[in-house]
Amino acid sequence: MARESLPALACACASLRRTARVVTQLYETELRGTGLRAPQFTLLQALEQMGAASQGSLGRLLGLDPTTLSRTLPPLARAGWIRAAVGKDRREVRWRLTPAGRRCVARVLPAWERAQERLRTRLPARHWKMLIEDLAAVGAAAQAARGV
């Protein structure tokens, strides 16, 4: 099967943003009808992986700024999927999945897995492995370049 490529862009930022948009569209297609968007499901998955997490640690893991998290977390809390609690320091808020949130992740997981499989089957195995590993390295390099 011949694979079409998008034209190369000279700018790393433009290339990554375009790729992120196209990949997100694929995941959104699979998540349609689940009641969740890709960014929301990503947050729920991160909380499932991390257990209780501060907003700062969630932001660092996902590369999200505090404003974006402040907009994204409350609707998940209103839906009953996550709950905020005071951390060790009263100023710290720690988020965790609720039992309803765990059920939501389990319910939506098959749609997410379909998106993963649709993308994985269109990439050679070595590209899939590189995608996962190299994007983490690119993100770390960008953080280091920013001084984060």
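Three strands form an open sheet in the order S1-S3-S2, with antiparallel pairing, where two strands pair if DSSP finds at least two bridges between them. Strands (E, at least two residues) and helices (H or I, at least four) are DSSP runs numbered from the N terminus. This is a predicted model, in which local features need pLDDT of at least 70 and side-chain atom pairs count only at pLDDT 80 or more, while totals for chains, interfaces and linings use all residues. Residues are numbered from 1 along each chain as its sequence is written, and side-chain values use heavy atoms, with hydrogens and water left out.

- The edge strands, each pairing on one side only, are S1 (53–54) and S2 (82–86).
- S2 and S3 (residues 93–97) run antiparallel and are joined by five bridges, and Ala84 stands opposite Trp95 in S3.

**Helices H2 and H4**
- The axes of H2 and H4 (residues 66–78) come within 11 Å and cross at roughly 80°, axes being lines fitted to C-alpha atoms, for helices over the stretch in contact, with angles running from 0 to 180 degrees between N-to-C directions.
- H2 and H4 are therefore roughly perpendicular to each other, a term that covers angles of 65 to 115 degrees.
- Gln40, Leu43 and Leu44 of H2 make the contact with Leu69, Thr72, Leu73 and Leu76 of H4, where contact means heavy atoms within 4.5 Å.

**Arg107**
- Arg107 has its place in helix H5 (residues 99–120).
- Leaving aside neighbours within four places in sequence, Arg107 is in contact with Thr34 and Trp81.

Note on methods. Parallel < 35°, antiparallel > 145°, perpendicular 65-115°, else oblique.
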